[in-house]
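Visitor: I have a protein model to look at and some questions about how it is packed. Please show it first.

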Amino acid sequence: MVQAKKWVLKTPPVPSEKLNLNTADSRSTFQLTNKELSSEQLKNGEVLVEVILLSNDPAQKFWIASFDKGYGNRIGPGEDIPARGVGKVISSKNKSFDVGDYVSGKLCWNTHTIVPDSPGHALTKLPETTEDKLWYHLSVLGSTALTAYFIFFHYAGLRERQEDYDKTFLISGAAGAVGTVSIQLALNVFHAKKVIAIAGGPEKVKFVESFDPKRVVGVDYKSPTFQQDLLEAAGGDQNIDYFVDNVGGPILDAGACLLKIHATIVACGSISGYNDTEKFVFKSYGVVITRRLTIKGVLVSDHMDKFPEAIRSLKSFIDSGKISTKDAVTFRDATGDKFKEIPQIWDGLFNGTNRGKLITIVRNPQ
């Protein structure tokens with residue numbers, strides 16, 4: 001028997017508005033609850049998991065308040081708040097998982113959870129590893145790294161060959177989880193001529209430039225001279241081959257205007273508009289026609305059948321030093337009584353609190 005802490009949906013939010021994080025408010029989006037869980041409650045195919053780490057992803061906003069059924073169905077009142085995580089099996093009625101196995105999948109904002117045998121939870125047994133390396137599976141081997149991998153190898157159609165080397169890449173949200181891996185793939189796998197990395201604030205600009213001070217030019221989108229700085233970083237108009245956009249809004253507008261004819265925009269996210277629908281508007285659509293641009297939208301879940309192959313490649317990049325694990329993660333402590341801070345930790349994504357992947361510690365790894 002365990003006493004599980006669980007965050008559930010209290011008040012369904014409006015998709016285009018900020019979530020109400022004030023749990024003292026009767027209209028709060030979230031509610032912290034407690035529930036006793038035991039092995040006796042397990043049905044065939046289910047496992048009881050102790051949650052160790054949780055992934056924080058902007059996409060969770062859509063899982064909580066989806067406006068597009070093609071992306072995900074919104075959850076209802078009383079349902080667990082969806083989140084990817086890693087944990088340890090403490091009881092099992094599933095032949096694929098033994099007690100003591102480490103797993104990743106949809107574990108939600110819980111300290112403990114019963115996970116059914118369903119594709120929606122995507123529960124996967126992790127290879128033998130020490131707990132201090134479990135975070136790899138939410139970061140450099142997790143969904144955000146996989147997203148970056150498919151951006152380059154699928155959506156941009158690049159291969160490790162001479163004709164795909166020496167290109168210029170523009171990456172927005174460059175200090176984030178997808179952005180940092182994208183920078184390294186561009187530099188170290190595809191031998192980029194230049195990477196223009198858009199980030200927020202001088203410290204993050206220094207951070208993205210640290211990947212290669214000679215080839216990475218950081219641009220601060222918070223600067224009043226952002227558009228001029230971006231133009232100078234690009235070396236003028238029509239010098240960018242690929243634009244990996246994690247932000248949308250005015251940054252997408254500005255970047256699109258600097259692309260070469262027949263260049264490609266890979267649209268991975270639009271975090272600037274997740275709480276402001278006006279920033280979902282694409283105001284530079286004219287250049288799509290005049291520059292004959294290609295725009296491709298990304299959903300990493302479309303490629304689940306290729307995850308094993310992609311993870312093998314990512315591991316090889318880590319082993320060869322092409323992807324660094326240093327500074328890949330920002331950890332936030334939600335152990336014990338700090339579990340009540342889970343929503344605020346996640347909301348930090350929208351306030352730029354992280355460098356690399358933002359991971360919440362639910363139970364300290366041993």
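**Packing in the model**

Visitor: Which residues is Leu-53 in contact with, leaving aside its neighbours within four places in sequence?
Guide: This is a predicted model, in which local features need pLDDT of at least 70 and side-chain atom pairs count only at pLDDT 80 or more, while totals for chains, interfaces and linings use all residues. Residues are numbered from 1 along each chain as its sequence is written, and side-chain values use heavy atoms, with hydrogens and water left out. Contact means heavy atoms within 4.5 Å. With neighbours within four places set aside, the partners of Leu-53 are Gly-85, Val-86, Leu-134, Trp-135, Leu-138, Ile-359, Thr-360, Ile-361 and Pro-365.

Visitor: How many residues does the largest nonpolar core have?
Guide: A nonpolar core is a set of buried Ala, Val, Leu, Ile, Met, Phe, Trp, Tyr and Cys residues joined through side-chain atoms within 4.5 Å. Buried means under 20% relative accessible area, exposed over 50%, and partly exposed in between (1.4 Å probe, protein chains only). Leu-53, Phe-152, Ile-183 and Val-195 have the most contacts inside the largest core, and its residue count is 57.

Visitor: Which helix gives the most to this core?
Guide: Helices are DSSP runs (H or I, at least four residues), as are strands (E, at least two), numbered from the N terminus. With nine residues, the main contributor to this core is helix α2 (residues 143-155).

Visitor: How many of the residues of α2 are buried?
Guide: Among the buried residues of α2 are Ser-143, Leu-146, Phe-150 and Tyr-155. The helix is mostly covered, and the count of buried residues out of 13 is 12.

Visitor: How far apart are the end C-alpha atoms of α2?
Guide: The expected span of a helix is 1.5 Å times one less than its number of residues. A straight helix would reach 18 Å, but for the 13 residues of α2 the end C-alpha atoms are apart by only 16 Å.

Visitor: Is Ser-104 buried or exposed?
Guide: Ser-104 is in strand β5 (residues 102-106). Not counting residues up to four places away in sequence, Ser-104 touches Gly-85, Val-86, Ala-122, Leu-123, Thr-124 and Leu-126. Its relative accessible area is 15%, so Ser-104 is buried.
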